[in-house]
Amino acid sequence: MRNYILADNQELTRFALESLLRQDKEATVYRVSDKASLVALLKEHEAAVVLLDYTLFDFSDEDQLLIVAERFSLSDWILISDELTSQFLRRVVYSSHQFSIVFKDGPLQEVREALRAVGNHQRYISQRALEVIISQQQNDEEQHSILTETETEIVRAIAQGKTTKEIATERFASIHTITTHRKNIFRKLGINTAHEVIKYALRAGLIDSSEFYI
């Protein structure tokens, strides 16, 4: 017997998914409307399959979602949404193998294939999700190629929380030189803040999440 938790606040989608799941006579289906009730059910059914519309649920960000999934490591998650950003998809897919991805406007067969894969303890990434991830990766590689080696190293340092003075000291350079590099980096990447540098560094694989500070 497999336990399923529907964490989708769109009534029509929830009804359709529940109808699909109940075709399996051994399936037990639960409904939840917020993160607190979801966590409470996962405490009772740690190996449940969660069908979640992240965009309609009360997770504040992907970090919170990943923390809950890691806490209940035996659970599997199928994310079903209308739209998910490339940054979100890459972060979730690369952080945990617990997540499968399909879109609500995709064919029903994709949902069936995702359920079948999860039933075999495998994950399923829809073709559209793969295309979004690959496209973003290609864009990041193109951006990365426009930075010089020195600029790339400074991006990494900024993302690690180092100040302009600290970077200058490490590189035996003047603060003016590092400031000029920062301006050139921001211009080339089309960004305006250090926070955007951090997001770029994460997407480009220059650092991992354990290396940066916000």
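Glutamate 18 counts as buried, at 13% relative accessibility. Buried here means under 20% relative accessible area, exposed means over 50%, and partly exposed lies in between (1.4 Å probe, protein chains only). The place of glutamate 18 is in helix H1. Helices (H or I, at least four residues) and strands (E, at least two) are DSSP runs, numbered from the N terminus. Glutamate 18 and arginine 22 join their side chains in a salt bridge, 2.9 Å from N to O. A salt bridge requires a side-chain nitrogen of Lys or Arg within 4 Å of a carboxyl oxygen of Asp or Glu. Arginine 22 is partly exposed, with 41% relative accessibility. The side chain of glutamate 18 also makes a polar contact with the side chain of arginine 31, at 2.7 Å. A polar contact is a pair of N or O atoms within 3.5 Å; within protein, one must be able to donate a hydrogen and the other to accept it, and residues adjacent in sequence count only if both atoms are side-chain atoms. With neighbours within four places in sequence left aside, glutamate 18 is in contact (heavy atoms within 4.5 Å) with Leu6, Val29 and Arg31.

The model is predicted: local features need pLDDT of at least 70, side-chain atom pairs count only at pLDDT 80 or more, and totals for chains, interfaces and linings use all residues. Residues are numbered from 1 along each chain as its sequence is written, and side-chain values use heavy atoms, with hydrogens and water left out.

The protein chain has 214 residues, of which 44% count as buried. Its secondary structure comes to ten helices and five strands. The C-alpha trace spans about 70 × 30 × 30 Å along its principal axes. Among contacts between residues at least 6 apart in sequence, 64% join residues at least 24 apart.

Eleven salt bridges occur in the structure. One of them joins the side chains of aspartate 8 and lysine 104, at 3.1 Å from N to O. Aspartate 8 lies in the loop between strand E1 (2-7) and helix H1 (11-21), and lysine 104 in the loop between strand E5 (99-103) and helix H5 (108-119), so the pair ties together parts that are 96 residues apart in sequence. Lysine 104 forms a salt bridge with aspartate 53 as well, the closest N and O atoms being 2.6 Å apart. Aspartate 53 lies in the loop between strand E3 (49-52) and helix H3 (62-71) and lysine 104 in the loop between E5 and H5, so this pair ties together parts that are 51 residues apart in sequence. Aspartate 8 and lysine 104 are both buried. For lysine 104 the relative accessibility is 19%. For aspartate 53, also buried, the relative accessible area is 0%.

Aspartate 76 belongs to strand E4 (residues 76-81). It is buried, at 11% relative accessibility. Its side chain makes a polar contact with the side chain of arginine 2, at 3.0 Å. Beyond neighbours within four places in sequence, aspartate 76 is in contact with residues including Arg2, Val50, Gln98 and His121.

Rings of Phe, Tyr and Trp (its six-membered ring) pair if their centres lie within 6.5 Å; planes under 30 degrees apart count as stacked, over 60 as edge-to-face and the rest as tilted. The rings of tyrosine 54 and phenylalanine 59 have centres 6.5 Å apart and planes at 15°, so the pair is stacked. Tyrosine 54 is buried, at 13% relative accessibility. Phenylalanine 59 is buried too, with a relative accessible area of 6%. Tyr54, Phe57, Phe59 and Phe88 form one aromatic cluster. Elsewhere, the charged end of arginine 128 sits over the ring of phenylalanine 103, 3.9 Å from its centre. This assignment needs NZ of Lys or CZ of Arg within 6 Å of the ring centre and within 35 degrees of the ring normal.

The largest nonpolar core has 31 residues. Such a core is a set of buried Ala, Val, Leu, Ile, Met, Phe, Trp, Tyr and Cys residues joined through side-chain atoms within 4.5 Å. Leu38, Leu42, Leu52, Leu65 and Trp77 have the most contacts inside it. A second, separate core of 19 residues includes Val155, Ile178, Leu189 and Val197.
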